[in-house]
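Subject: Structure for you to look at

Hello,

Here is the structure I said I would pass on. Please open it first, then read the notes below with it on screen.

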Amino acid sequence: MESVYTRPSTIIPGSSTGFCPGCMHGTTCKLVAEVIEELGIADQAACVWGIGCCGLGSMYTTFDSIFSPHGRACAMASAYKRANPDEFVFTYQGDGDLASIGIAETLYAANRGENISVVFVNNGTYGMTGGQMAPTTLVGQKATTAPFGRKPEEHGYPVHICELLDSLKAPHYLERVTCVDAPNVIKTKAAIKKAFRYQLEGKPFSLVEVVSNCPTNWGLTPLETLDYLREHSLKEFALGVYRDRG
Ligand SMILES: Cc1ncc(C[n+]2csc(CCOP(=O)(O)OP(=O)(O)O)c2C)c(N)n1
Ligand code: SF4
């Protein structure tokens with residue numbers, strides 16, 4: 001029988017995901033693994049994983065893994081890439097990691113135009129530590145640290161990373177995508193591939209933001225999270241290309 005779909009060689013045979021059922025980290029990590037295989041860079045790829053559920057992808061992928069202290073992935077990736085210019089270096093980070101404790105490292109790596117790629121999973125919550133409010137939590141969205149929902153007068157407004165980085169001169173490519181359905185999964189893969197290609201061509205900083213879910217901490221079934229994403233998250237976080245210098 002013809003095989004129409006196989007696991008990429010960049011996923012360890014026999015391994016299984018540590019993510020909760022329906023979590024879009026699983027989809028996004030799989031896309032990253034597929035793109036690395038398709039670009040033929042498995043032997044030169046190193047991922048600096050953020051601290052959080054985001055880092056669980058390291059357990060079943062074959063490329064090199066580096067763990068930075070919480071939030072410092074972009075700083076560590078910058079240093080690693082400068083020291084190893086022939087390697088392919090990317091970060092894979094959650095919103096607590098990249099947009100809260102690591103916002104300075106993210107902004108300055110982007111502002112320096114480092115030759116790295118960033119995969120940023122925006123699920124509106126601190127997944128691994130039990131659902132605290134993240135910079136990206138929506139107004140009104142509940143969190144363990146905001147049991148009555150995010151209130152702008154108390155907690156400020158959601159932070160839009162693509163728009164923030166678009167105010168800087170150096171970044172080369174910024175796109176916001178989602179894995180809410182199959183066509184969007186295909187778009188997400190294309191965006192990750194484009195960002196990775198730009199690094200291989202020597203272009204400066206690229207970031208792909210993936211608007212995602214967290215069924216466990218949102219307290220919804222995986223299917224209900226898709227409705228929530230469509231009805232709420234994607235209204236706050238508009239999909240699209242924010243910058244593409246080609
Ligand atoms: C300096 C420091 N502060 C706090 C923590 C605890 N901590 C571990 S993971 C995490 C949140 C991760 O959330 P996010 O980056 O959104 O990733 P997700 O789990 O949602 O993928 C926190 C606060 C830590 N490890 N180090
Ligand atoms: S806690 Fe949330 S972010 Fe973490 S693996 Fe489970 S669903 Fe995904």
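Two strands count as paired if DSSP finds at least two bridges between them. By that rule, strand β7 (residues 173-178) pairs with β9 in the antiparallel sense, over 4 bridges. You can look up one of the residues involved: Y173 has D244 of β9 as its bridge partner. Please keep in mind throughout that this is a predicted model.

The sheet

In general, the strands of a sheet pair through backbone hydrogen bonds, either parallel or antiparallel. Here there is an open sheet of 7 strands, and its pairing is mixed. Going across it, the order is β2-β1-β3-β4-β8-β7-β9. Which strands are at the edges? They are β2 (64-67) and β9 (240-244), each of which pairs on one side only. On average, neighbouring strands of this sheet are turned by 20° against each other, with direction ignored.

Helix α7 (residues 182-200) packs on the sheet. The strands that α7 touches are β3 (88-94), β4 (117-122), β7, β8 (206-211) and β9. The direction of α7 makes about 160° with that of β7.

Two helices in contact

Two packed helices are described by the angle between their axes and the distance between the axes. For helix α2 (residues 73-83) and α4, the axes come within 8 Å and cross at roughly 35°. On the α2 side the contact is made by C74, A75, S78 and R82, and on the α4 side by E105, T106, A109 and R112. Sorted by class, this contact has 3 nonpolar, 2 polar and 3 charged residues.

E105 sits in helix α4 (residues 103-112). Which residues does E105 touch, if its neighbours within four places in sequence are left aside? The contacts are G71, R72, C74 and A75. As a further reference point, E105 and Q93 are 12 residues apart along the chain, and their C-alpha atoms are separated by 12 Å.

Ligand 1

How many residues surround ligand 1? There are 17, and the closest are H25, C53, D95, G96 and D97. The shell around ligand 1 divides into 6 nonpolar, 9 polar and 2 charged residues. Helix α3 (95-101) and strand β5 (125-126) each supply at least two residues of this shell, and α3 gives the most, with 4 residues.

- D95: a polar side-chain atom lies 2.7 Å from an oxygen atom of ligand 1.
- D97: a backbone N or O atom lies 2.7 Å from an oxygen atom of ligand 1.
- N123: an N or O atom in the side chain is 3.2 Å from an oxygen atom of ligand 1.

On its own, ligand 1 has 590 Å² of accessible area, and the protein covers 72% of this.

Ligand 2

The residues around ligand 2 are F19, C20, C23, H25, C53, N123, G127, C214, P215, T216 and N217. Which helix gives the largest share of this shell? Helix α8 (residues 215-218) does, with 3 residues. By class, the shell around ligand 2 has 6 nonpolar and 5 polar residues, and no charged ones.

Regards

Terms used: Residues numbered from 1 in each chain as written. Chains lettered and ligands numbered in written order. Predicted model: local features only at pLDDT ≥ 70, side-chain atom pairs only at ≥ 80, totals over all residues. Heavy atoms only, no water. Contact = heavy atoms within 4.5 Å. Near = heavy atom within 4 Å. Nonpolar A, V, L, I, M, F, W, Y, C, P; charged D, E, K, R; others polar. Axes fitted to C-alpha atoms, helices over the stretch in contact; angles between N-to-C directions. Polar contact = N/O pair within 3.5 Å; in protein donor to acceptor, adjacent residues only side chain to side chain. Areas by Shrake-Rupley, 256 points an atom, 1.4 Å probe, with all protein chains shown as cover.
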